[in-house]
Amino acid sequence: MLVVIVGTVWLLGDAAALRSGGRWALSALPYVLAAAGLLLILRAAVPKGLLVGPVVLVAGGGLWAAYNAGVFEGRTADRIWPSVVIVLGIALSLGVRTDPHIQEENHPLRRYRSVLVPVDRRVVTSSVPLQTVTVGSYFGNAVIDLSGARFDRVNGADDRRCVVRVDVTVLFGRVELVVGSSCAVVKGNVESTRAVRFAEQVPVFADVDEYRHSVSGGLRRPHHMVLNVLGLGGAVSVRSM
């Protein structure tokens with residue numbers, strides 16, 4: 001998307017317009033970082049469910065101050081409003097759900113995203129078992145409840161063991177996964193993380209072989225989740241019902 005934006009500016013203008021737009025983007029970067037940092041502070045300090053009020057007040061005060069400073073007038077406004085449209089389009093593209101809810105229950109693959117706005121989903125399956133879940137949290141908070149979902153069999157219908165793969169991407173966001181009491185967690189690719197905090201409240205195994213050895217004497221936890229995490233900052237937690 002960034003390449004498309006740069007190419008569009010280059011096509012409609014020239015090299016000078018491209019350089020001018022780059023300088024303006026660099027000058028606006030400190031304000032964007034300050035706004036993102038303020039949002040993180042509010043999310044950490046304000047109880048869950050009460051964040052909308054402070055965000056509306058801060059955003060309204062910032063827009064009011066910008067209006068009094070003349071930001072939305074003259075040549076500056078010609079750059080502000082296209083940028084607002086671009087940012088809105090990016091937010092919509094990252095947060096949209098492409099599959100209808102009716103078809104989702106019959107799909108083995110699920111995808112959920114949280115971009116600034118919290119997302120709370122309870123995964124439901126019908127005739128098709130769940131195979132893969134992809135969760136992305138970008139400065140947001142995603143709560144995905146898998147306790148009522150039916151996982152895919154490991155080795156066919158005769159095998160009582162069931163497995164689901166969960167791929168998590170976080171960028172200074174939070175992801176909370178809720179599983180049933182008979183589900184364990186097997187760590188997949190979790191090395192590609194920077195400053196991601198894990199808070200496991202269920203049995204966690206280093207690899208599949210360790211999990212198989214633990215259930216060889218009995219199927220006390222026949223379900224397991226293979227968890228892969230890629231991210232920078234934030235937290236990933238798994239809790240049992």
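How many aromatic pairs does the count come to? The model is a predicted one, and the points below begin with that count.

1. Aromatic pairing. The count comes to 1 aromatic pair. It is made by Phe-139 and Phe-172, whose ring centres are 5.9 Å apart and whose planes stand at 25 degrees, so the pair is stacked; planes under 30 degrees apart count as such.

2. Phe-139 counts as partly exposed, at 23% relative accessibility. Phe-172 also counts as partly exposed, with a value of 33%. The limits that matter here are 20% and 50%, since partly exposed residues lie between them.

3. A search of the whole structure finds 3 salt bridges. In one of them the side chains of Asp-145 and Arg-122 meet, with an N to O distance of 2.8 Å. Asp-145 is placed in strand β4 and Arg-122 in strand β2 (residues 119–122), so this bridge ties together parts 23 residues apart in sequence. As for accessibility, Asp-145 counts as buried at 13%, whereas Arg-122 is exposed, with a relative accessible area of 51%.

4. Arg-239 forms a salt bridge with Glu-176, and their closest N and O atoms are 2.2 Å apart. This pair, too, links distant parts of the chain: Arg-239 lies in strand β11 (residues 223–240) and Glu-176 in strand β6, 63 residues apart. Arg-239 counts as partly exposed, at 31% relative accessibility.

5. Arg-165 and the surroundings of Thr-132. A further salt bridge is formed by Arg-165 with Asp-167, where the closest N and O atoms are 3.1 Å apart. Arg-165 counts as partly exposed at 41% relative accessibility. Both partners of this bridge are touched by Thr-132, whose contacts also include Pro-108, Leu-109, Arg-110 and Val-164, leaving aside residues up to four places away in sequence. Thr-132 is found in strand β3 and is buried, its relative accessible area being 13%.

6. Strand pairing around β11. Which strands are joined to β11 by 17 bridges and by 5 bridges? Strand β6 is joined to β11 by 17 bridges, and the two run parallel. Within this pairing, Val-170 stands opposite Gly-231 in β11. Strand β7 (residues 183–187) is joined to β11 by 5 bridges, again in a parallel arrangement. Here Lys-187 stands opposite Leu-227 in β11.

7. A nonpolar surface patch. Leu-26, Leu-29, Val-32 and Leu-33 form a nonpolar patch on the surface, and together they have about 400 Å² of accessible area. One of these residues, Leu-33, lies in helix α2 (residues 15–45). Leu-33 is exposed, with a relative accessible area of 55%; the cut-off for this class is over 50%.

Note on methods. Residues are numbered from 1 along each chain as its sequence is written. This is a predicted model: local features need pLDDT of at least 70, side-chain atom pairs count only at pLDDT 80 or more; totals for chains, interfaces and linings use all residues. Side-chain values use heavy atoms; hydrogens and water are left out. Rings of Phe, Tyr and Trp (its six-membered ring) pair if their centres lie within 6.5 Å; planes under 30 degrees apart count as stacked, over 60 as edge-to-face and the rest as tilted. Buried means under 20% relative accessible area, exposed over 50%, partly exposed in between (1.4 Å probe, protein chains only). A salt bridge is a side-chain nitrogen of Lys or Arg within 4 Å of a carboxyl oxygen of Asp or Glu. Helices (H or I, at least four residues) and strands (E, at least two) are DSSP runs, numbered from the N terminus. Contact means heavy atoms within 4.5 Å. Two strands pair if DSSP finds at least two bridges between them. Patches are made of residues with over 30% relative accessible area and no salt bridge: like charges are joined within 9 Å, nonpolar side chains (Val, Leu, Ile, Met, Phe, Trp, Tyr) within 5 Å. Accessible areas come from the Shrake-Rupley method with a 1.4 Å probe; for residues, only the protein chains shown count as cover.
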